[in-house]
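Q: I'm new to this one and would like a close look at a single part. Could you pick a strand pairing and walk me through it, then show me how other bits of the chain are arranged?

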Amino acid sequence: MFNKVLVANRGEVAVRIIRALREMGIASVAVYSEADRENLHVMLADEAICIGPAASTESYLNMEAIISAAVATGAEAIHPGYGFLSENAKFADLCSVCNIKFIGPKANIIEQMGNKSEAKNTMRKAGIPTVPGTDEAIYDVENALKKAKEIGFPIMIKASLGGGGRGMRVAENESVFSDMFKAAQLEAKKGFGDDSMYLEKYIVDPKHVEVQILADSYGNVIHLGERDCSLQRRHQKVMEEAPCNAINDELRKKLGETAVRAAKSVNYENAGTIEFLLDKDGSFYFMEMNTRIQVEHPVTELITGVDMIKEQIRIAAGEELSYRQEDIVLSGHAIECRINAEDPEKKFRPSPGQIKEINLPGGNGIRVDTHIYNGYTVPPYYDSMLLKLLVHGKDREEAISKLKSALGELVVEGVDTNIDFAYDIVSNEDYINGSVNTGFIEKHFPEYIK
């Protein structure tokens with residue numbers, strides 16, 4: 001087992017990892033930008049090193065600075081969290097070259113699965129159901145339109161190296177396709193430095209369901225059930241829950257086995273997520289694979305009792321999985337709500353500033369993952385997420401009741417937040433009845449997505 005691990009991230013996920021390291025008796029090293037000097041993860045770590053100015057390109061994305069910090073402190077491994085360098089194959093390879101263990105999959109797997117069109121082709125060869133679409137990257141709009149006509153409208157246009165909803169558009173018909181393609185391609189070029197695109201048949205009002213897997217270096221792969229991530233705004237997740245209320249035991253078993261087969265087909269190692277689109281008729285299609293821990297991993301932890309961060313660390317240290325598939329039993333229902341410093345009334349404009357007052361809810365079945373505190377200043381340079389509010393109940397009905405109560409108790413003053421918007425969602429009759437798909441917010445709250 002490692003003696004010391006560097007956490008190459010910030011905010012709540014860095015706090016989450018440092019706490020897991022502390023419980024395992026492993027020393028932690030925090031890295032921080034000049035803007036994050038007062039961040040909670042800096043205070044909690046055993047050591048902390050400033051790696052650059054506020055801009056993430058000069059700090060949290062600065063590979064050389066992070067590797068230097070690891071070498072200087074004697075850290076044997078780096079946990080990248082999510083975002084930033086967590087799915088950067090070059091960084092994973094650099095860690096290996098410097099004899100530092102990257103807590104995640106190998107660089108070649110990150111590269112293979114990070115390219116969405118290549119990942120889709122890989123899954124198709126492995127017999128995993130995929131959405132009809134293009135097999136190779138497309139660069140020019142004329143060829144793209146030709147392919148779109150062959151697949152059939154509506155069409156989802158995606159950046160090959162995209163993520164977080166960027167470089168993505170839905171073209172309802174031929175007349176708008178060219179403009180949509182050019183806009184998505186330009187966004188992809190600016191956001192990812194790559195203008196390769198691919199096309200998929202757009203599945204109308206599907207559920208976005210993802211299966212969590214864990215895999216060690218001995219060929220053992222298990223799944224931890226599924227999460228319903230359908231509540232989205234512009235392809236960005238708003239709330240997640242587990243398990244998915246629209247899936248029966250038979251379909252759950254089939255989804256889990258498919259995810260395990262997908263992971264085994266690429267000799268996957270560590271934590272990963274296989275994302276599927278679930279059609280109204282129960283058909284499901286591979287969408288993409290996330291080669292990292294995810295923001296929503298705690299909902300899976302709540303219904304399985306598995307500490308996924310600790311499992312990641314154990315796997316990276318060369319240990320076998322602590323669990324077999326028969327050990328995984330889903331218990332109750334969990335929901336995660338992302339609370340951000342943003343103003344829903346003003347197109348979700350970020351709201352940096354100082355936290356003047358905070359009251360976090362508590363009680364049986366309530367979990368809050370956060371890095372904020374009274375007096376903390378939310379910087380304008382990074383993701384606006386303040387905390388993740390999670391609830392766990394014996395069933396979905398109880399979980400929703402707990403979430404409404406917890407949202408009513410949650411107070412964050414000094415910055416604008418989406419707390420009231422979240423409360424409106426969980427109070428909606430269709431949400432309560434489980435009638436949720438990826439078009440839910442567009443249908444019920446159109447004023448927020450104009």
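**A hairpin, a loop and a sheet**

A: Happy to. Keep in mind that this is a predicted model. Let's start with Gln325, which sits in the loop between α11 (308–316) and β16 (333–340). Gln325 is partly exposed, with a relative accessible area of 29%. Look past its neighbours within four places in sequence, and you'll find Gln325 in contact with Ile222 and His223. Val221 belongs in this picture too: its C-alpha atom is 8.2 Å from that of Gln325, though the two residues are 104 apart along the chain.

Now for the strand pairing you asked about. Strand β14 (residues 270–278) pairs with β15 in the antiparallel sense, and six bridges link them. One spot to look at is Phe276, whose bridge partner in β15 is Phe286. The hairpin of β14 and β15 has five residues between the strands, and there Gly282 takes a positive phi near 95°. As for β15 itself (residues 284–290), seven of its seven residues are buried, so the strand is largely enclosed by the rest of the structure.

For another kind of pairing, turn to the open sheet of five strands, where the order is β3-β2-β1-β4-β5 and the pairing is parallel. Its edge strands, β3 (47–52) and β5 (101–102), each pair on one side only. Within this sheet, β1 (residues 4–7) and β2 (residues 27–33) run parallel and are joined by four bridges.

Technical notes. Residues are numbered from 1 along each chain as its sequence is written. This is a predicted model: local features need pLDDT of at least 70, side-chain atom pairs count only at pLDDT 80 or more; totals for chains, interfaces and linings use all residues. Side-chain values use heavy atoms; hydrogens and water are left out. Buried means under 20% relative accessible area, exposed over 50%, partly exposed in between (1.4 Å probe, protein chains only). Helices (H or I, at least four residues) and strands (E, at least two) are DSSP runs, numbered from the N terminus. Two strands pair if DSSP finds at least two bridges between them. Contact means heavy atoms within 4.5 Å.
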